[in-house]
Amino acid sequence: MTRSIEIDDVQRLLTDLEHPVHVVRDTGGIGVTAAPEPGQHVLASAGPLSPENLGSHDFRRAHGVRTAYMAGGMANGISSVELVVAAARAGFLGAFGAGGLAPDRVEAAVQRLAAEIPGTPYAVNLLNTPHEPALERAVVDLCLRYGVRCVEASAYLELTPELVRYRLNGLRRSPGGRAHAANRVIAKVSRPEVCRQFLLPAPEPMVAELVARGQVTAEQADLSRAMPMADDITVESDSAGHTDRRPLSALLPVLRRLRDDVRRQRPELPSVRLGAAGGIGTPQAVAAAFALGADYVVTGSVNQACVEAGTAAVTRRMLAAAGISDFDMAPSGYLFELGAQVQVLKSGTMFPQRARKLRQLYETCPGIDDLPDADRIWLERKVFRRPVGEVWDEVVAFFGTRDPAQIQRAVDDPKRRMALMFRWYLGLSSRWAIAGDPDRRADYQVWAGPALGAFNEWVRGTYLAAPENRSVTDVAHHLLRGAAISTRIHQIECAGPRFPSEYADYRPTPLS
């Protein structure tokens, strides 16, 4: 641009999302204006763009929300009732982090949500627990009993009867005779073979078994043939917690093509929307996700450092200080035997190293009694901090009320007993982080990914740098507003004009 214009004036025009902006040329050179004057030649333009108009109108309408933005479920109640309520009241969709919680805690949370935001949309995270099927069944029972109309299905490698039961129990015939699904499913996937299962109707043998048990009606079974298992599929790229660490730019186009192929093959099925999760920590990342064709975006790591998150202040401070490289992979707790991994914070904790050592011992030893002396001493002194016998007693007491079958299957299986004891540590390590246990800080398991490091870098020097100033609504607002600004600038630059990078440097300021 040849005309001398103050950067503040240009930024004001670019960030005024309620009015159009034009790049013009006249005898004085090239400039930016909201309203071209006679004699000025318009080189490029961008119209008004409200953050509320980003993404899919169908997503906003179907879920009854103001924006195509979702605060995803973080297990063990990290996505707390307070977080979901704040998101819902601001017009965002929030998912309560029911994964890993006992049914009574999930029930208490659902009761609070019904009381505090009656009639307002929200979701409950439904975590696949293949080693604890009773837990999945209990959460589905609660969702059906209390009329929870949306679940976020996470960590599913294949469909389960319980998830199908939830979906089909909401099927009704509309006045026009078409199938209508009152119970919505948002599925988080990172693999094409899993995505396909959610794009198609529930497997008929599984549906027939549910009918035989009296858990689904014959009419619902019939309607299920015309309804995909999910309304929305969140494409989960490199993210916190369970992740295949695939880049969004590679994964989303593949699953989008798969979605479109299934749509062509089965045109009678309603279309399924695709969302983007993983790496969503800056306005540019949000804008890029929408540019890739995402109907909505889902955040996770950035919300865990917010004041509404159900985790301790000390943990939120650790998260707010993390850089983009301060993350590592470690064995999963509830999918430990399968070798699944989770992405966690590595700065300020020794959890990743200790968890990987447990996985190595599990792979090389038949049982806890076969551990080499040095490893047993390390385990009891550094990790368990108590004899293995006491740990087993606690495992028995825990599963005695939660899922007794877990203990029954381990009675004559030393390797399974070892796995349950290692899962004792892996499970408690996240709870120590949530509670802020000062004696166990070296063992904190904090699920987070590079998106948080990128967010921290973006907000450095602003009011959002301090975790006590971060709210889930402020974070959402600034990410969406920044994405709208970035999108408008990109629209103009596609026509030829280029802006210096600092013109697009949107920085969060406190909401009035």
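Mentor: Strand 9 gives the most to the lining of the second largest pocket, with three residues. Strands (E, at least two residues) and helices (H or I, at least four) are DSSP runs numbered from the N terminus. A pocket is an open set of 1 Å grid points over the protein atoms alone, where a 1.4 Å probe fits, with protein on both sides within 12 Å along at least five of seven lines; lining residues have an atom within 4 Å of a point. This is a predicted model: local features need pLDDT of at least 70, side-chain atom pairs 80 or more, while totals for chains, interfaces and linings use all residues. Residues count from 1 along each chain as its sequence is written, and side-chain values use heavy atoms, without hydrogens and water.

Trainee: Which residues lie nearest the centre of the second largest pocket?

Mentor: The lining has 21 residues in total. Helix 2 (57-63) and strand 9 (179-181) each give two or more of them. Nearest the centre lie His180, Ala181, Met227, Asp231 and Pro270.

Trainee: How many disulfides does the structure hold?

Mentor: Look for cysteine sulfur pairs within 2.5 Å, the cut-off for a disulfide. For Cys143, the nearest cysteine sulfur, that of Cys150, is 9.7 Å away. For Cys195, the nearest is also that of Cys150, at 17 Å. The structure's count of disulfides is zero.

Trainee: Is Cys195 buried or exposed?

Mentor: Buried means under 20% relative accessible area, exposed over 50%, partly exposed in between (1.4 Å probe, protein chains only). Cys195 has a relative accessible area of 0%, so Cys195 is buried.
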